[in-house]
Amino acid sequence: EMYFILEGKLEAWDSENKKVIAQLGKGEFVGEIALFPEISTCRTSTVRAKVQSEVLSLRRNDFHDHIRPYFPDVYEAIKKLAITKERWLDSDAVKRFAKEKSKQRCAHIYNRVKDIQRRKLLVYS
């Protein structure tokens with residue numbers, strides 16, 4: 001899930017819970033990496049409220065079912081941010097996992113492109 005902070009203050013801790021990697025407040029959000037399991041399927045951080053906080057949550061299915069088809073520019077912007085943030089995170093576990101999964105993701109993307117190209121050829125034939 002992705003969370004939008006309406007009120008309060010939150011802290012994001014690294015995956016080992018050793019250091020604070022970000023302090024978040026009203027108008028900010030967290031959890032965008034969780035919307036894209038192809039980017040990372042392991043936990044990249046832990047978020048804790050510093051004070052009583054109010055957040056809105058956006059589930060992965062709702063994001064893909066309602067944001068992606070109707071607001072593709074928002075979808076792409078959040079995806080690019082998630083990719084950038086995942087690369088920025090200082091977690092050896094996340095980096096190892098991402099490296100192991102990168103070949104699978106590349107193969108999946110390659111196969112999807114090939115499938116799209118095949119369908120395009122059939123349409124033009």
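Modeller: Along the sequence the elements follow the pattern β-β-β-β-β-β-α-α-α, which comes to three helices and six strands. Helices (H or I, at least four residues) and strands (E, at least two) are DSSP runs, numbered from the N terminus. This is a predicted model, in which local features need pLDDT of at least 70, side-chain atom pairs count only at pLDDT 80 or more, and totals for chains, interfaces and linings use all residues. Residues are numbered from 1 along each chain as its sequence is written, and side-chain values use heavy atoms, with hydrogens and water left out.

Now the packing. Helix 1 (residues 60–70) and helix 2 (residues 72–88) pack at about 115°, their axes 5 Å apart. Axes are lines fitted to C-alpha atoms, for helices over the stretch in contact, and angles run from 0 to 180 degrees between N-to-C directions. Helix 1 brings F63, H64, I67, R68, P69 and Y70 to the contact, and helix 2 brings P72, V74, Y75 and I78; contact means heavy atoms within 4.5 Å. Of these residues, eight are nonpolar, one is polar and one is charged.

As for the surroundings, an open sheet of three strands has the order 4-1-6, with antiparallel pairing. Strand 4 (29–30) and strand 6 (54–58) are at the edges with a single partner strand each, so one side of each has no neighbour in the sheet. Strand 1 (residues 2–7) pairs with strand 4 over two bridges, and two strands pair if DSSP finds at least two bridges between them. F4 stands opposite F29 in strand 4.

Definitions and conventions
Nonpolar A, V, L, I, M, F, W, Y, C, P; charged D, E, K, R; others polar.
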